[in-house]
Amino acid sequence: MSSAAAVIIAILMLAAALAAATVQKLMHATLSFALALVGVAALFFLLGAEFVGLVLVFVYIGAVAVLIVFTILLTRRDVGNDRDANWGGALLAVAVFGGLTWAILKTQSVAIVAPHIRTLTVKRIGEALMTGYVWPLQCVGLLLTAALIGALVLVMEEKR
Amino acid sequence: MTLTLQVVLVVSAALFSTGLLAALSRRHAIFILIGIEMMLAAANLNFIAFWRFSPQSQPPVGVMIAIFSIAISAAEAAVGLALVIAVYRHYGTTNVDHLDQLKG
């Protein structure tokens with residue numbers, strides 16, 4: 001596994017994420033967010049988890065980004081300026097990044113290269129989902145149903 | 001030069017901090033949701049990285065947790081955006097600085 005491809009993908013992904021965090025227009029931020037998630041999915045592909053990368057693309061870019069765009073369109077009249085920068089948040093984010101990086105670089109046990117493992121096929125994921133992970137799978141299904149019904153109830157028009 | 005776990009972890013930390021920046025420094029509710037989603041994506045990246053760089057396990061636990069985490073964050077995004085729409089209907093704004101009715 002080469003480091004160059006990962007570093008290039010990571011730089012593009014972080015640039016898109018930074019754009020999503022700092023751009024003034026909401027629509028541009030959403031598109032940058034989708035681009036950053038494409039970068040994350042590319043990193044998943046590089047790490048050998050192709051199925052999860054595809055799930056990420058389908059769920060985030062296919063569903064969540066479109067949902068965000070629709071929400072922006074539905075709340076369009078509110079284009080209040082977001083200009084006054086909050087320096088406290090930026091300072092805290094930089095501090096968190098510094099602390100995490102310091103901890104990661106200091107820990108010797110994570111300075112390892114990837115071992116050779118069997119390629120992850122969808123068959124193995126499906127078998128795991130249908131045997132050892134049936135109970136969590138059903139719980140997640142119930143949670144998704146409840147969350148989507150709850151979202152519908154929240155946005156329904158209130159009766160007068 | 002081969003890829004080490006450290007590189008992936010630092011990238012993930014940078015993505016998390018960017019999400020934190022978006023969630024903390026923005027006033028528009030949708031920006032805050034985007035920041036939260038980026039932090040969740042960074043967590044998923046960590047799960048996949050630790051799965052890939054650790055000895056083989058059957059079943060692939062990190063991948064399983066990442067799949068469940070993606071499903072849960074999708075549910076979270078749906079509910080969050082519905083809340084944004086409900087708040088916008090009620091108050092006519094999505095600026096979180098103006099939603100201070102509970103302030104003492």
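This is a predicted model: local features need pLDDT of at least 70, side-chain atom pairs count only at pLDDT 80 or more; totals for chains, interfaces and linings use all residues.
User: How do you know what confidence the predictor places in chain B and in the complex?

Analyst: For chain B, the mean pLDDT is 89. Of its residues, 98% reach 70 or more. For the complex, the predictor gives an ipTM of 0.90 and a pTM of 0.91.

User: Back to α2(A). How do you know what its 21 residues should span?

Analyst: The rule is 1.5 Å a residue, applied to residues 26-46 of chain A. The count used is one less than the number of residues.

User: Is α2(A) largely enclosed or in the open, and what makes it so?

Analyst: Enclosed. Burial requires 20 or more other C-beta atoms within 10 Å. In α2(A), 15 of the 21 residues are buried, so the rest of the structure largely encloses this helix.

User: Why is A:Ala16 called buried?

Analyst: The cut-off is 20 or more other C-beta atoms within 10 Å. A:Ala16 has 22, so it is buried. This residue lies in helix α1 of chain A, residues 3-22.

User: Which residues does A:Ala16 contact, leaving aside its neighbours within four places in sequence?

Analyst: A:Ser32, A:Leu35, A:Ala36 and A:Gly39. Take A:Leu35: it is 19 residues from A:Ala16 in sequence, but 6.1 Å away in space, C-alpha to C-alpha.

User: What makes α6(A) lie largely in the open?

Analyst: The burial count. Of its 22 residues, two are buried, so α6(A) lies largely in the open.

User: How many helices and strands does chain A have, and how are its domains assigned?

Analyst: Chain A has six helices and zero strands. The assignment gives domain 1 (1-78) and domain 2 (121-160). The C-alpha centres of these two domains lie 23 Å apart.

User: How do you know how the radius of gyration of chain A stands against that of a compact globule?

Analyst: A compact globule of 160 residues would come near 15 Å, but chain A has 20 Å. Its C-alpha atoms fill a box of roughly 60 × 45 × 25 Å along the principal axes. Buried residues make up 25% of chain A.

User: How many residues does each chain give to the contact between A and B?

Analyst: Chain B gives 62 residues and chain A gives 73. On chain B, α1 (5-25), α2 (29-53) and α3 (61-91) each supply at least two residues of the side touching chain A. The most come from α3(B), with 20 residues.

User: What is the make-up of that side of chain B, by nonpolar, polar and charged residues?

Analyst: It divides into 46 nonpolar, twelve polar and four charged residues.

Key: Residues are numbered from 1 along each chain as its sequence is written. Chains are lettered from A and ligands numbered from 1 in the order in which they are written. Two residues are in contact if their C-beta atoms, placed from the backbone, lie within 7 Å. Helices (H or I, at least four residues) and strands (E, at least two) are DSSP runs, numbered from the N terminus. Ala, Val, Leu, Ile, Met, Phe, Trp, Tyr, Cys and Pro count as nonpolar, Asp, Glu, Lys and Arg as charged, and the others, Gly among them, as polar. pLDDT is the predictor's confidence in each residue, from 0 to 100. Domain bounds come from an automatic or database domain assignment. A residue is buried if 20 or more other C-beta atoms lie within 10 Å of its own, exposed if 12 or fewer, and partly exposed in between; C-beta atoms are placed from the backbone. The radius of gyration is taken over C-alpha atoms; the globule rule is 2.2 Å times the number of residues to the power 0.38.
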